[in-house]
Amino acid sequence: PALERVVKRCLSKDPEDRWQNAADLKSELKWIAEGGSASGIPAPVTATSRRGAPWIAIAAALAVGAVAFAAAWMLRRPAPAPLLRASIELPPRMDFDPSNTALALSPDGKTLAIDASGPDGKRQLWVRRMDGFAVQPLAGTEDATCPFWSPDSKAIGFFAEGKLKKVPASGGTVQTICDAPDGRGGSWSEQDVIVFAPAPFGGLSRVPAAGGASVPLTKQDKPGATDRLPWFLPGGKKFLYLTGSQTSDKEKTTAINCFDLDTGKTTLVAHELSEGRYAAPGYLLFVRESNVMAQPFDASSVKTTGEAVPIAERVRFTAPRWSGNFSASQTGQLVFHSGGIGRKTQLTWFDLDGKELARVGEPGNVATVEMSPDGTRVATTVLGGPAGTVPEVWLFELGRGVSSRFVFGGQGSFFPVWSPDGKQIAYGDVGGGIAIKAADGTSEPKMLWQSKTNTWPLSWSPDGRWIVFRVQDPKSGGLDLWIVGADGKEPARPLIATPAEEMAGEISPDGRWLAYTSNESGRREVYLVPFPNLGEKRQISTAGGSFPGWLGPGRIFFIQPPENKLLAVDVEVRGASLLVGAAQPLFGGKTLPRSIAFGNAPAVSASPDGKRLLMPVPIDEEASPLVRVVSDWVAELKKK
C-alpha cells in the first residue's frame with residue numbers, strides 16, 4: 001500500500017503533490033524500505049518484519065529503481081514537436097484550376113492531390129508525397145476537376161468528360177463510375193458510397209464507389225438553386241453539403257446543411273457563404289472573408305458548439321462556386337493556396353507571327369480582353385478583391401497605358417463586350433444577368449436581362465441589334481448560347497441549345513456568321529453557322545479548338561488545346577457554298593504565353609485591322625502558385 005501511494009503521487013497531475021525530482025523520490029522509498037511509511041509515520045517493527053527485512057530491502061531497492069526510472073522519464077519526457085509552417089514548392093509554370101478547389105489532402109495526411117495545368121497547358125491531376133519533393137502526373141486524368149479521396153487514402157475521385165471517375169493514387173487504370181455532366185464536388189464514405197453533385201444546378205446523387213447507376217438524394221426545384229460540395233461525417237451515415245443560389249439574397253438562402261442517409265432528413269448547420277468540411281477531432285471548416293475558419297462541431301448532434309476562429313488567412317476563394325482552395329487531413333495537417341487565382345500579367349501587343357511589339361500599362365491580374373471597335377481601348381476582366389478572386393471590369397487606354405475601374409459595387413462583373421459604335425459596354429453580373437453601361441462612365445448601369453444563373457456576354461452584332469451570350473441552363477446544368485435584343489425590346493431566347501455544351505462564340509465583322517465552340521463530338525471544336533437565322537453548320541477546327549475570333553470578315557482564328565497554339569482558317573462564300581481552308585499556324589507556331597484561364601473566356605483579342613494581337617502575358621512566367629502547410633493546426637488552435 002505504501003508503494004502504491006508513492007506511485008500515485010508520482011503520477012499525480014497536481015504539481016504540488018508530485019515529486020519534483022528523482023532524488024526526493026528515492027529518499028522516500030528508502031525511508032519505506034527501512035520501516036517508514038508513505039505517510040511519514042514509522043511502521044511498527046515485529047519479529048516477522050525483522051526476518052523479512054532483507055527481502056523487503058531487496059524489493060524496495062527494485063521498486064526504487066523502477067519508480068525512479070519512471071519518474072525520471074516523466075520529468076525528462078521530450079517536449080511536443082514544434083508547430084511547423086512551411087511552403088510546398090511546385091514545379092515551374094503550374095497553374096491551379098481557376099474555378100474549383102484544386103488541393104485535396106489524403107485523409108492520412110501523406111499525399112496531396114493537385115488539379116493543375118503543367119508547362120504544356122494541359123490540365124490534369126498530380127500527386128505529391130508530403131514527405132517527398134516530386135510532383136507526379138496521373139495519366140488519364142486530363143481535364144479533371146474537384147478531386148476527392150477514398151477514406152483509405154488509396155484512390156482519388158474526380159470529374160472529367162461528363163463522368164464521375166476514380167484512379168489509384170499510385171497511378172493506374174482510370175475507372176468510370178457513372179455519368180456526371182458537369183460535376184460540382186464529391187465525397188467518399190467508409191461504406192464505399194460516393195455522394196456527388198452531377199451538375200451545377202439541382203440536387204445531390206449517390207452511387208456505389210465500384211460503379212453503377214446513380215440515385216438522386218436531394219431535390220432542388222427553384223431555378224438557379226444548387227446542392228453541391230458534399231463532405232461525409234465520421235461513420236459514413238451523414239454528410240455536410242452546401243445549398244445555394246446566385247441571387248441577390250444569397251446571404252439568406254446559402255447554407256451548410258447535413259443530410260442523414262438513414263432517415264432522409266436535412267438539418268441546417270450554419271448560414272455561411274462557403275462550403276463546410278469536417279475535420280477531426282471535431283471541427284467545422286469553412287471560408288469567411290478569405291480566412292479558413294474552424295468552429296467546434298459535434299458530428300453526432302450536427303451542431304456547432306463554440307465560436308469560429310481563423311486558422312489560415314488570404315486563402316483563395318471562388319465566390320460563385322462557394323469553394324475555397326484549402327484541404328485538411330484527418331490527422332491534423334492543413335494545406336491552402338495563399339493569394340489569387342493566377343499570376344501577374346501585362347497587356348502586350350504581338351504581330352501575327354508572335355513577335356512582341358509593345359507592352360501596355362502596369363502589370364495586373366488581367367483575365368480577359370475585348371478590343372474596342374476603334375482599337376484605342378480595351379475592356380478587361382481583372383481579378384481583384386482581398387484575395388485576387390473577385391472579377392471586376394476595367395478599361396485600359398492603349399495609347400496612354402492608363403487603366404481605370406469601370407464597374408463598382410455588387411458581387412462582381414466580368415466578360416465585357418463593346419457595342420459596335422463603342423459607346424456602350426455590356427457585361428455579366430456575378431449576381432446573374434447582363435448589364436449595360438455607357439463606355440464613358442457617365443451613366444449608371446442598367447440590367448438588360450435579369451437571371452438567376454450565370455451569364456457571360458460573348459459578342460455584340462455589328463448592326464447593334466443583338467447580344468449573344470452564354471448561359472448555364474438551370475434545367476440541364478449545361479452551357480448554351482442565347483440571344484437578346486440590345487435595346488431590351490427583344491426578349492432573351494435560346495440560339496444554340498443542345499445536349500452538348502456550347503461555349504465561346506463571336507459574330508463576324510460583317511454580321512453574317514457566328515463562330516462558336518461546342519463539345520458535341522466529344523471534344524471542343526470550332527463551328528460556323530449563319531447568323532442570326534441559323535442554317536447549315538460547318539466544322540472549322542479538326543483537332544480541337546476553342547475561343548474563336550475574327551481577323552477580318554473571312555478569317556477565323558482559334559486556340560488549339562492542349563498545346564495552346566493559335567491557328568487561323570480562311571472561309572469564303574461562293575454562291576450557295578462555303579469554302580473552308582486548311583488551318584494555318586499563327587504566332588510562329590509557338591505555344592501562347594501562359595495567362596489566367598478564367599471561366600472559359602477568351603484572353604486574345606485582334607486589332608480592328610486584323611494585323612495585331614493583344615493578350616495578357618505573365619511577367620513571372622516560371623512561377624507557380626504558393627501552397628502553405630501547417631503541421632498541426634489543431635494544437636495551435638487549442639492555444640488560442
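1. Let's start with contacts along the chain. Residues 24 or more positions apart make up 44% of the contacts with a separation of 6 or more, a contact being heavy atoms within 4.5 Å. This is a predicted model, in which local features need pLDDT of at least 70 and side-chain atom pairs count only at pLDDT 80 or more, while totals for chains, interfaces and linings use all residues. Residues are numbered from 1 along each chain as its sequence is written, and side-chain values use heavy atoms, with hydrogens and water left out.

2. What does the secondary structure come to? There are six helices and 53 strands; helices (H or I, at least four residues) and strands (E, at least two) are DSSP runs, numbered from the N terminus. Of the chain's 640 residues, 52% count as buried. Buried means under 20% relative accessible area, exposed over 50%, and partly exposed in between (1.4 Å probe, protein chains only).

3. Have a look at β40, residues 479-485. Seven of its seven residues are buried, so the strand is largely enclosed by the rest of the structure. In a regular strand the side chains alternate between the two faces of the sheet. Here both faces are covered: Leu479, Leu481, Ile483 and Gly485 are buried on one side, and Asp480, Trp482 and Val484 on the other.

4. Who are the neighbours of β40? Strand β39 (residues 466-472) runs antiparallel to β40 and is joined to it by seven bridges, with glutamine 472 standing opposite leucine 479. Strand β41 (residues 493-496) also pairs with β40 in the antiparallel sense, over three bridges, and there isoleucine 496 is the bridge partner of leucine 481. For two strands to pair, DSSP has to find at least two bridges between them.

5. Next, an open sheet: four strands in the order β30-β31-β32-β33, with antiparallel pairing. Its edge strands, each pairing on one side only, are β30 (366-371) and β33 (402-405). From one strand to the next the twist averages 30°; axes are lines fitted to C-alpha atoms, for helices over the stretch in contact, and angles run from 0 to 180 degrees between N-to-C directions. Inside this sheet, eight bridges join β31 (residues 377-384) to β32 (residues 390-397), and valine 378 stands opposite phenylalanine 396 in β32.

6. Strand β30 turns up again at the second largest pocket, among the elements that give two or more residues to its lining. That pocket holds about 780 Å³ of space and is lined by 42 residues, with Glu370, Met371, Glu506, Ile507 and Ser605 nearest its centre. Strand β38 gives the most to the lining, five residues. By class, the lining has 26 nonpolar, 13 polar and three charged residues (Ala, Val, Leu, Ile, Met, Phe, Trp, Tyr, Cys and Pro count as nonpolar, Asp, Glu, Lys and Arg as charged, and the others, Gly among them, as polar). A pocket, on a 1 Å grid over the protein atoms alone, is an open set of points where a 1.4 Å probe fits, with protein on both sides within 12 Å along at least five of seven lines; lining residues have an atom within 4 Å of a point. Grid points are joined across faces, edges and corners, and a volume is the space filled by probe spheres set on the points.

7. Serine 205 sits in β13 (residues 205-208) and is buried, at 9% relative accessible area; its contacts include Ile194, Phe196 and Leu217. Aspartate 620, in the loop between β52 (612-618) and β53 (627-630), is partly exposed at 28%. Aspartate 620 is 276 residues from lysine 344 in sequence, yet 6.9 Å from it in space, C-alpha to C-alpha.

Methods. Lists of a residue's contacts leave out its neighbours within four places in sequence.
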